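Here is a report on one chain, written for reading beside the structure.

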Amino acid sequence: MPPQNSAHGPPFRVAMAGVVGRLIRCWCRRAVGGSLKVPALQLHVSKTAMGASQKDFENAMNQVKLLKEDPGNEVKLKLYALYKQATEGPCNTPKPGVFDLINKAKWEAWNALGSLPKETARQNYVDLVSGLSSSSDSSSQGKPEAERKQAGYETVVMTSEEGITKIMLNRPAKKNALTEQMYQEIILALEAASKDDSAITVLTGNGDYYSSGNDLTNFTNIPPEGVEAKAKNSAILLRNFVGSFIDFPKPLVAVVNGPAVGISVTVLGLFDLVYATDRATFHTPFSHLGQTPEGCSSYTFPKIMGPAKAAEMLIFGKKLTAGEACAQGLVTEVFPDSSFQKEVWTRLKAYSKLPQNAMRISKQIIRSQEKEKLHAINAKESSILQERWLSSECMNAIMNFFSQKAKL
Ligand SMILES: CCCCCCCCCCC/C=C/C(=O)SCCNC(=O)CCNC(=O)[C@H](O)C(C)(C)COP(=O)(O)OP(=O)(O)OC[C@H]1O[C@@H](n2cnc3c(N)ncnc32)[C@H](O)[C@@H]1OP(=O)(O)O
């Protein structure tokens with residue numbers, strides 16, 4: 001594909017050359033069955049990982065004991081999971097039984113961190129504690145409970161107001177591209193929203209994009225265990241992520257505030273309402289990336305729009321305008337960008353006053369017949385992608401992105 005813009009200047013390219021080099025070394029190692037010695041690969045340290053020392057980590061553990069306010073169960077689970085990941089690495093214990101509720105919740109929080117490197121977990125733990133300490137000192141005091149920003153999230157902002165819980169993707173400078181941490185935080189946020197007292201849950205983006213899909217730097221955090229292990233853990237993360245949409249028990253609404261790419265488009269088939277600004281576009285360039293559909297779209301898209309239109313999007317990467325996506329049934333309604341937020345939130349506030357249980361039960365009736373099937377499709381799509389990520393087609397596409405040879 002021809003280069004289309006020059007947003008990335010020379011310093012970006014220099015930085016990316018390192019990333020590309022690392023990827024190539026990684027692939028070479030795989031190609032020779034792991035026998036090639038590539039010391040640089042073993043030494044991979046992510047940008048965030050360089051921040052927190054063992055001392056910072058120990059200080060943060062002490063700070064937790066001094067918190068003035070109980071941070072709540074969600075945050076405590078997150079702290080537990082990050083602590084385990086930072087000290088022991090990926091979850092390595094058997095899942096506790098269904099009746100062992102507390103240990104099961106702890107295990108799930110730890111397991112949801114997938115292959116997050118120990119150093120990143122340590123940094124995230126330190127950042128989380130530092131956010132908790134400052135918010136318990138001052139910021140949230142005095143605000144009504146319902147409007148409080150929920151602590152414990154770094155890449156999303158979660159707020160609850162007037163019966164609506166809003167989960168806002170919050171990396172506007174990166175077009176809300178989804179990092180591994182973000183997938184994990186969305187899983188946790190959906191879990192929290194499913195249990196809170198709101199009637200409706202909304203997913204939206206901050207800035208000019210809804211989301212540019214998977215953050216392609218996820219392909220560069222290769223752990224010392226190697227790329228196969230990374231692909232395996234990423235497939236688990238993907239499966240858990242999509243699973244939280246399949247199982248979400250309340251009305252789930254996407255407020256698509258701008259262009260959407262990749263997985264942020266495919267999971268829309270699992271939402272109950274999709275409202276889009278007329279500035280939004282819907283793009284699933286999987287073949288261009290050497291990848292295949294996820295988010296259950298291999299099943300939901302043909303069902304929603306028919307096999308021919310689904311093929312145009314999922315095989316050939318046709319980008320749809322908001323109007324086209326609405327005509328094909330993926331989007332519920334399109335609003336002019338100038339009045340988008342006002343119109344959508346007025347509508348949602350009215351819906352949130354409808355009897356909650358009735359809405360919940362109606363959703364269950366509509367979706368329950370498909371749940372098992374959707375989980376099976378999710379498992380299949382994730383395992384096919386696990387293979388795809390190890391293919392040269394996929395790797396070339398990722399390297400092209402980083403070396404700016406290709407822009408979508
Ligand atoms: C070993 C296996 C590991 C696998 C781990 C996978 C985990 C689960 C995967 C689930 C499967 C998901 C699949 C998908 O979602 S496929 C879609 C992936 N997305 C893309 O390919 C989009 C790539 N981005 C672009 O083409 C353009 O950035 C875009 C058209 C979105 C916007 O272009 P524009 O010119 O307007 O803006 P910029 O390019 O300048 O973007 C601003 C900065 O944001 C960075 N950016 C944007 N999107 C991404 C992205 N998806 N990944 C990483 N970075 C992104 C961009 O680089 C700019 O950064 P700088 O300001 O630092 O230059």
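## Helix H10 against H14

The axes of helix H10 (residues 297-305) and helix H14 (residues 356-388) come within 9 Å and cross at roughly 125°. Axes are lines fitted to C-alpha atoms, for helices over the stretch in contact, and angles run from 0 to 180 degrees between N-to-C directions. Angles under 35 degrees count as roughly parallel, over 145 as roughly antiparallel, 65 to 115 as roughly perpendicular, and the rest as oblique.

From H10, the contact uses Ser297, Ser298, Tyr299, Thr300 and Lys303. They meet Glu370, Lys373, Leu374, Ile377 and Glu381 of H14. Contact means heavy atoms within 4.5 Å. By class, the residues are 3 nonpolar, 3 polar and 4 charged. Here Ala, Val, Leu, Ile, Met, Phe, Trp, Tyr, Cys and Pro count as nonpolar, Asp, Glu, Lys and Arg as charged, and the others, Gly among them, as polar.

## Basis of the model

This is a predicted model, with residues numbered from 1 along each chain as its sequence is written. Local features need pLDDT of at least 70, side-chain atom pairs count only at pLDDT 80 or more, and totals for chains, interfaces and linings use all residues, while side-chain values use heavy atoms, with hydrogens and water left out.

The chain has 15 helices and 9 strands. Helices (H or I, at least four residues) and strands (E, at least two) are DSSP runs, numbered from the N terminus. Of the 408 residues, 49% count as buried. Buried means under 20% relative accessible area, exposed over 50%, and partly exposed in between (1.4 Å probe, protein chains only). Take the contacts between residues at least 6 apart in sequence: 75% of them join residues at least 24 apart.

## Helix H10 against H11

H10 also meets helix H11 (residues 307-314). Their axes come within 7 Å and cross at roughly 135°. That makes H10 oblique to H11. The crossing is right-handed. A crossing is left-handed if the near helix is turned anticlockwise from the far one by less than a right angle, and right-handed if clockwise.

H10 contributes Ser297, Ser298, Phe301, Pro302 and Met305 to this contact. H11 contributes Pro307, Lys309, Ala310, Met313 and Leu314. The residues divide into 7 nonpolar, 2 polar and 1 charged.

Ser297 lies in H10. Its relative accessible area is 0%, so Ser297 is buried. Leaving out residues up to four places away in sequence, Ser297 touches Thr266, Pro302, Leu314 and Glu381.

Val265 lies in helix H9 (residues 263-266). Val265 counts as buried because its relative accessibility is 0%. Beyond residues up to four places away in sequence, Val265 touches Ala260, Phe282, His283, Thr284, Phe301, Met313 and Leu330. The C-alpha atoms of Val265 and Glu294 are separated by 9.8 Å, with the two residues 29 apart along the chain.

## The six-stranded sheet

An open sheet of 6 strands runs in the order E1-E2-E3-E4-E6-E9, with mixed pairing. Two strands pair if DSSP finds at least two bridges between them. E1 and strand E9 (333-335) are the edge strands, each pairing on one side only. Neighbouring strands are turned by 20° against each other on average, direction ignored. Helix H13 (residues 340-351) packs on this sheet. H13 touches E2, strand E3 (200-205), strand E4 (252-256), strand E6 (273-277) and E9, and its direction makes about 160° with that of E6.

How many of the 6 residues of strand E1 are buried? The count is 5, so E1 (residues 156-161) is largely enclosed by the rest of the structure. E1 pairs with strand E2 (residues 164-169) in the antiparallel sense, over 6 bridges. Val157 stands opposite Met168 in E2. Glu161 has Ile164 of E2 as its bridge partner. The hairpin of E1 and E2 has 2 residues between the strands, and Glu162 there takes a positive phi near 50°.

## The three-stranded sheet

Another open sheet holds 3 strands in the order E5-E7-E8, with mixed pairing. Strand E5 (260-261) and strand E8 (320-321) are its edge strands, each pairing on one side only. Strand E7 (residues 281-283) pairs with E8 in the antiparallel sense over 2 bridges. Phe282 stands opposite Leu320 in E8. Phe282 is also one of the residues that Val265 touches.
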